[in-house]
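Hi everyone, thanks for coming. Please have a look at the model on the screen, and then I'll walk you through a few places in it.

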Amino acid sequence: MSPVRLALLAPGRPGSPPPPARRTRQHSPPRSHWPPLAYPCPPRLPRRPLCAPRLYGPAAMPLRPLRSLARGLRGAAGPGPGVLLSTPIFYANAPPHIGHLYSALLADALHRHRRLRGAAPGRLSTGTDEHGLKIQQAAVAAGVSPPQLCAQVSGLFRQALTQAAVSFTDFIRTSEPRHQRAVQHFWAALQDRGALYKGSYEGWYCTPEECFLPESQLADSRDTQGRMCKVSLETGHQPRDSWCMWGCSDSLPDEVLGTDWPRNSSAEKALEVLVHWTKEENYMFRLSEFQEPLQKWLQDNPRVISPVPFYQQVLHWLEEDLPDLSVSRERSRLQWGIPVPSDPTQTIYVWVDALVNYLSVVGYPETHSEWWPAAHHVVGKDILKFHAVYWPALLMAAGLAPPERICVHSHWTVHGQKMSKSLGNVIDPVSCFGKYTVDGFRYFLLRQGVPERDCDYYDEKVVKLVNSELADALGGLLNRSTALSINPSNTYPCFSESCFPKISDYDGTQALSRASSEDYELVASVASLPLQVASHFEGFQIYKALECIALCVRETNGFFQRHKPWKLDRKDPAEKLWLDTIIHITLECLRVYGTLLQPVIPNIADKLLSRLSVEPEERSLLNLTFLPRYNGKPCPFEGRQLGPDTGILFHRLEKSRQSQMENKRL
């Protein structure tokens, strides 16, 4: 997206360099006569609570007397204003894969956790990006119209996200009239404020990425016919790989096209050239004017992009040349898009079109101020520059503030390789729901996904993790602590203060009565867990939150195993008190885990909490007070009849036949 100054081979002229890339301002007024930009430098925005309070991590958590967790969460952050959480809108030239699902699950977990801690009602938007040259060409290759192709693929995304229990409140399609009206109004705002001019532009255009690429981002390669072509270094697009995987009719699956749609091999061959030299007249955005405002925005808001390595990456980009950006294409080349207002010869650039979706869902240009700029974008690292450089600059130019936060994640590989059609390793999330269950696969992606680095998927890894942490540790603990053999009354038993006396400011000395020092450490760990989880959610480190929960679940299993309640004699009054106390503490721990796991595995958490007879209105963090009897307060659950036993919490998974065969070969 920068002016391209290249010395690469021109198409059709092997061995000879093309003329240098040129950009002439045919219709641009002299710089001294430019209208002033309405948002030359964004003011420092007031700090707002993000997903939860910024707190200390588990290593810094001291052992301390228990207190109301609700008070701690409420006092630290309060409910906070409503926030728009968003996924990227997914390009409608291919069915969803697990990378798309991962973006959506991250946003969904953040959205659910905000709701859990009593935040003001928020919104979660997702949808499909349906314009651009890729879709236009794919539709031609398939012998269908772009609207037909987009309707089919958009339906697949909506179906997959719904099946994955993603709690979106808005599903936007860029082909909708409400979005087209918002884009045209946004364009007019840019034009009225002098941020656009018309000029001549030429350079290497990458169709898969819908952008011009500089020399530093290109490499020589060969297409499937053995011809020399250019490919992108940043994304690693190769012919018949990421692009032609879904960009050609012969690669589109039947669930997208239908079995009666024609296949066009000649059109497919035409799509194999990934990067081509293009010269055209279009509109340019004065991006170069926003280098300093962008730098100041980031310096004044160091937590606006997380995790930190991606924030530093954006700062590095802004230290380099930031040339003006081409924001339209000639209508003769690109018909499938939103036309430039008052200029029927031009189509609005697909990325400008797509980014405005975040405004469309909040009612731009009439009612967006109720939500904007309280927007938190969850995006993949491959589109970071679009969201952290181009989008804030466009917003400033249109007189709007940049988004409040940008949460960035890395990608998923399969057995260490990028997903591609040619390798046959593209993972369909719907098939994963069938193999691992919806909650099982949600847990795997959010537990194993680390935003700062790429993560690897393979069947054996999913089965091992989910069996260990959901079926054995969490499910086994619930089954053992609610078994009729040790809890024949099927009630929430009473806590005995004489068996487990309170020790203020516990310092690790030998505990009194039958409770051990490890028991007090467990109670302190679980008491601090909701605040630790909130801290990790706010830091966009959901995997760390789940790591903390899993550790506490293991410690609770150790507590239960250490005291062997099945060996205690319920007929002995003294042993009955201790037996009931063990079960009470275990159920209290499970109640905390079930409450905290609701954003990640909502169905399993609901099943667990229902078994403990926790009512819906008792499942928020604001109502969560762990082990109140330890502090001499009444416990509303004591003596309550447990919920119906619906069987095993999570059934163990079996390794796939393919995984078993691979292990045999090894």
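Let me begin with a term: buried means under 20% relative accessible area, exposed means over 50%, and partly exposed is what lies in between, with a 1.4 Å probe and protein chains only. With that in hand, look at Asn-490, which counts as buried because its relative accessibility is 15%.

A quick word on where this comes from. This is a predicted model, where local features need pLDDT of at least 70 and side-chain atom pairs count only at pLDDT 80 or more, while totals for chains, interfaces and linings use all residues. Residues are numbered from 1 along each chain as its sequence is written, and side-chain values use heavy atoms, with hydrogens and water left out.

Now the overview. Buried residues make up 60% of the 666 residues in the protein chain. The secondary structure comes to 21 helices and 19 strands; these are DSSP runs, H or I of at least four residues for helices and E of at least two for strands, numbered from the N terminus. Contact, here and later, means heavy atoms within 4.5 Å. Of the contacts in the protein chain with a separation of 6 or more, 78% are between residues 24 or more positions apart.

Back to Asn-490 and its backbone. Most residues other than glycine have a negative phi, and most peptide bonds are trans. Asn-490 has a positive phi, near 55°, and is found in the loop between helix H16 (459-481) and helix H17 (517-538). Ser-342 also has a positive phi, near 65°. Is Ser-342 buried or exposed? Ser-342 counts as exposed, because its relative accessibility is 78%. You'll find Ser-342 in the loop between strand S14 (339-340) and strand S15 (343-348). From Ser-342 to Ala-188 there are 154 residues in sequence, yet their C-alpha atoms are 9.6 Å apart.

Step along to Asp-343, which is in strand S15. Asp-343 has a relative accessible area of 7%, so this residue is buried. Leaving aside neighbours within four places in sequence, Asp-343 is in contact with Lys-198 and Tyr-283.

Next, the cis peptide bonds I'd like to show you. One runs from Ser-306 to Pro-307, with omega near 0°. Ser-306 sits in strand S11 (residues 305-306), and Pro-307 lies in the loop between S11 and helix H10 (308-319). Ser-306 is buried, with a relative accessible area of 7%. Which residues does Ser-306 contact, leaving aside its neighbours within four places in sequence? They are Arg-405, Ile-406, Cys-407, Val-408 and Phe-540. Another cis bond goes from Trp-372 to Pro-373, with omega near 10°. Pro-373 is in the loop between helix H12 (357-360) and strand S16 (375-380).

On to the rings. A pair of aromatic rings is described by the distance of the centres and the angle of the planes. Rings of Phe, Tyr and Trp (its six-membered ring) pair if their centres lie within 6.5 Å; planes under 30 degrees apart count as stacked, over 60 as edge-to-face and the rest as tilted. A search of the whole structure finds 23 aromatic pairs. One of them is Phe-285 with Phe-290, stacked at 5.6 Å centre to centre and 20° between the planes. Phe-285 counts as buried at 0% relative accessibility, and Phe-290 counts as buried at 0% as well. Tyr-436 and Phe-441 have ring centres 5.6 Å apart and planes at 20°, so that pair is stacked too. Both Tyr-436 and Phe-441 are buried.

Lys-385 lies over the face of Trp-317, at 4.8 Å from the ring centre.

Last stop, a helix pair. Helix H3 (residues 133-142) and helix H4 (residues 146-163) pack at about 105°, with axes 8 Å apart. Axes are lines fitted to C-alpha atoms, for helices over the stretch in contact, and angles run from 0 to 180 degrees between N-to-C directions. H3 and H4 are therefore roughly perpendicular; under 35 degrees would count as roughly parallel, over 145 as roughly antiparallel, 65 to 115 as roughly perpendicular and the rest as oblique. Thanks, everyone!

Definitions and conventions: A charge sits over a ring if NZ of Lys or CZ of Arg is within 6 Å of the ring centre and within 35 degrees of the ring normal.
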